[in-house]
Amino acid sequence: MKFDKPATKNPIDQLKVVGQPVDRVDGRLKTTGTAPYAYERHDVAPNQAYGYIVGSAISKGRIVSMDLSRAKAAPGVVAIVTAENAGKLGKGNFNTAPLLGGPEIRHYHQAVAVVIAETFEQARAGAHLVRVKYERTKGAFDLESEKDNAKLAEKLAGGGTSDSKVGDFEKGFAAAPVRFDATYSTAYESHCMMEPHATVAAWKEDELTVWTSNQMVAWAVGDLAQTLGIPKEKVRVLSPFIGGGFGGKLFLRADALMAALGARAARRPVKVALQRALMPNNTTHRAATIQRIRIGATQDGKITAIAHESWSGDQPDGKPETAAMQTRSLYAGADRMTAHRLAVLYLGEANAMRAPGEAPGCATLEIAMDEMAEKLGLDPIEFRILNDTQVVPDNPAKPQSSDPQSKKPEEGKSIPHPPFSKRQLVECLREGAKRFGWDKRNPKPGQTRDGRWLVGIGVASAFRDNLLTKSAARVRVDRQGVVTVETDMTDIGTGSYTIIAQTAAEMMGVPLDKVVVRLGDSSFPVSCGSGGQWGGNNSTAGVYAACMKLREVIAQKAGFNAGDAVFTDGQVRVGNRSVSLAEAAGDQGLAAEDFIEYGTLDKEFHQSTFGAHFVEVGVDSFTGVTRVRRMLAVCACGRILNPKTARSQVIGAMTMGLGAALMEELAVDKRIGYFVNHDLATYEVPVHADVPHQDVSFLDETDPYSSPMKAKGVAELGICGVAAAIANAIYNATGVRVRDYPITLDKLIDRLPEVA
Ligand code: MOS
């Protein structure tokens with residue numbers, strides 16, 4: 001089904017099941033510990049051996065020699081795979097450094113060997129006996145000192161151009177009556193999903209099956225085949241349950257490749273979990289950024305010039321953090337400029353983490369907006385509203401592609417200054433102000449006390465694009481009237497199983513308990529996968545398309561004209577004649593497969609999601625410790641397919657934003673070049689005690705340009721702007737402006753007001 005005209009009334013609009021806050025259909029499996037995660041697939045292949053990965057002890061250089069003799073002789077060791085004995089390996093599309101290093105080493109903890117043994121303990125013991133001699137070469141590890149060597153970034157994740165210019169920024173800025181110019185920094189971050197990367201791999205002759213934990217099943221198939229040099233048809237990937245990803249499982253990782261190589265060498269199935277302590281350096285991370293923002297405005301607060309430049313680093317052939325992107329779309333202003341610069345750093349691979357680009361981008365832009373509002377003597381909400389725009393003021397941020405490898409301009413080139421399909425930023429800000437009690441905020445910082453606590457309130461806008469991408473599904477109905485949906489879509493904790501079940505139930509007119517959803521198997525039709533907050537809208541739209549086709553098949557079988565047929569209560573009806581789906585399905589059952597694909601609606605109308613974050617903090621006037629006391633997010637992001645799972649996404653994202661604001665930071669050893677705090681004991685994330693009451697509100701909205709579902713993304717919108725709202729609240733509480741994340745107490749303590 002091609003979606004190339006705005007959606008009109010369709011079966012989803014009945015909202016009998018879609019739009020209802022139903023419980024997760026996979027909830028029981030998860031809460032009873034019976035959802036089969038990758039590392040627990042003891043059942044899928046007999047005689048599994050265990051693999052333990054050895055990570056490189058240097059960041060850049062070469063392996064001179066490896067001594068495997070003691071490891072090989074260790075009890076239980078079955079095989080050891082290294083680059084030397086692995087055979088010729090290709091490289092997938094989605095990684096910069098090879099997943100198996102050697103002799104060249106590109107980053108710390110790059111996998112250099114996997115030891116396969118009868119038990120996990122034997123594999124681990126064997127791995128500790130592997131002796132590697134390295135030769136180190138000089139590498140660059142410090143963004144600050146490499147900033148001046150940073151180059152124009154040619155390739156952007158998702159395509160698009162690195163730089164944008166509208167009008168003449170320098171001239172406009174110089175002429176502006178009020179000017180603001182500041183530089184900010186954001187930290188390296190790690191995804192820290194609960195479930196580590198894990199895989200069970202088994203070969204049957206030349207066919208490989210992996211049970212793994214991956215957000216994008218079709219990408220994993222492609223990259224595994226390419227790396228192993230075998231046809232895609234010989235690879236099957238299953239990833240039905242995923243304990244979080246946040247972008248860290250978008251791509252094939254070392255666990256899957258090493259399990260496949262290990263299983264080939266050991267001639268039996270092998271399971272590998274990437275050790276937690278390898279994750280920050282072995283896998284991807286969110287790049288640190290340095291960002292300079294300049295804003296020029298008239299005395300009465302109209303922005304006339306705005307520039308956002310961002311510097312980040314990555315491996316050779318890497319891509320920049322697209323932190324200036326939202327500044328192309330968020331606020332008005334005639335003279336504008338954005339730029340992304342990329343330095344080569346031999347830390348692990350920098351790549352997507354929840355709302356790549358916009359999360360660190362809104363974290364700084366939205367402080368700058370707060371600072372500029374103060375300079376202008378304006379309320380920060382009114383300043384934002386004054387500079388709202390209903391058309392994209394710059395070149396649109398990104399072409400609508402989910403494929404980070406996409407280089408070719410998509411069909412139907414982006415048009416300049418397209419209107420937004422729907423933009424309710426102002427409504428989010430106003431609604432939030434009312435609900436949060438903004439009118440009680442003292443605009444003068446450092447004035448509000450609660451015992452030893454200095455109390456403040458902050459606000460920030462949230463912005464994130466909505467991406468449209470092809471997605472397919474197959475739907476069957478059997479003689480019990482049970483509807484089964486199959487698609488390679490994944491559920492990374494987001495609720496895909498549930499919203500897909502709701503979609504099929506609505507479309508086929510059956511109750512939710514008559515729907516079975518099967519996900520995460522490369523033998524199913526290829527979906528959009530989970531990433532970039534595109535999963536919810538696109539995967540359900542694909543299921544919509546397949547259901548439309550199945551409705552036709554059923555109507556025809558029942559002797560009805562499909563256009564007249566009504567699907568309700570497990571029956572297909574025309575007038576007063578009805579046939580049950582079970583009867584129509586017969587003994588053979590009926591099936592249909594289709595996909596949703598898109599025309600140019602996303603070029604004619606720029607599709608974004610909007611929100612406003614409100615935060616109240618207390619800062620301890622003696623210690624500088626910040627405690628978040630209240631949080632509210634108001635979001636406008638199309639139809640909410642399930643308010644319960646959508647809210648869950650937003651409170652998770654708000655929590656992650658809290659981490660970015662106050663504690664999350666991978667610390668770099670700048671001499672050796674690695675992230676020092678590479679475990680959950682030393683990399684701090686918010687825990688329950690850090691998180692206060694979180695309130696989430698969705699504006700009543702449908703977007704007919706997004707898909708027949710009229711839904712958009714929400715999971716990444718929720719993190720965008722949170723950190724800035726906290727930073728702005730800290731400023732309101734204390735009068736101390738911190739432009740360097742995370743805002744730890746050492747950055748506050750010697751600047752706190754005297755309150756004694
Ligand atoms: Mo997302 S960072 O594209 O999983």
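Mentor: Phe246 is placed in the loop between strand E13 (235-238) and helix H7 (254-266); helices (H or I, at least four residues) and strands (E, at least two) are DSSP runs, numbered from the N terminus. The model is predicted, so local features need pLDDT of at least 70 and side-chain atom pairs pLDDT 80 or more, whereas totals for chains, interfaces and linings use all residues. Residues are numbered from 1 along each chain as its sequence is written, and side-chain values use heavy atoms, without hydrogens and water.

Phe246 has a positive phi, near 55°, although it is not glycine. Most residues other than glycine have a negative phi, and most peptide bonds are trans. Because its relative accessibility is 27%, Phe246 counts as partly exposed, that is, between buried (under 20% relative accessible area) and exposed (over 50%), with a 1.4 Å probe and protein chains only.

Gln533 also has a positive phi, near 50°, in a residue other than glycine. Gln533 lies in the loop between strand E22 (515-518) and helix H13 (535-558). At 7% relative accessibility, Gln533 counts as buried.

Two peptide bonds call for attention next. The bond from Gly102 to Pro103 is cis, with omega near -5°, and Pro103 lies in the loop between strand E4 (77-82) and strand E5 (104-105). The bond from Tyr741 to Pro742 is cis, with omega near -5°; Pro742 is found in the segment after H17.

Together with Phe614, Val617, Leu662 and Ile726, Tyr741 touches the most other members of the largest nonpolar core, which has 87 residues. Helix H9 (residues 358-376) supplies the largest share of this core, 10 residues. Such a core is a set of buried Ala, Val, Leu, Ile, Met, Phe, Trp, Tyr and Cys residues joined through side-chain atoms within 4.5 Å. Apart from it lies another core, of 62 residues, among them Ala7, Val18, Leu468 and Leu641.

Finally, helix H12 (residues 496-508) has 13 residues and spans 18 Å from its first C-alpha to its last, close to the 18 Å expected at 1.5 Å a residue; the expected span is 1.5 Å times one less than the number of residues. H12 is largely enclosed by the rest of the structure, because 13 of its 13 residues are buried. Gly509 follows H12 and has a positive phi, near 65°.
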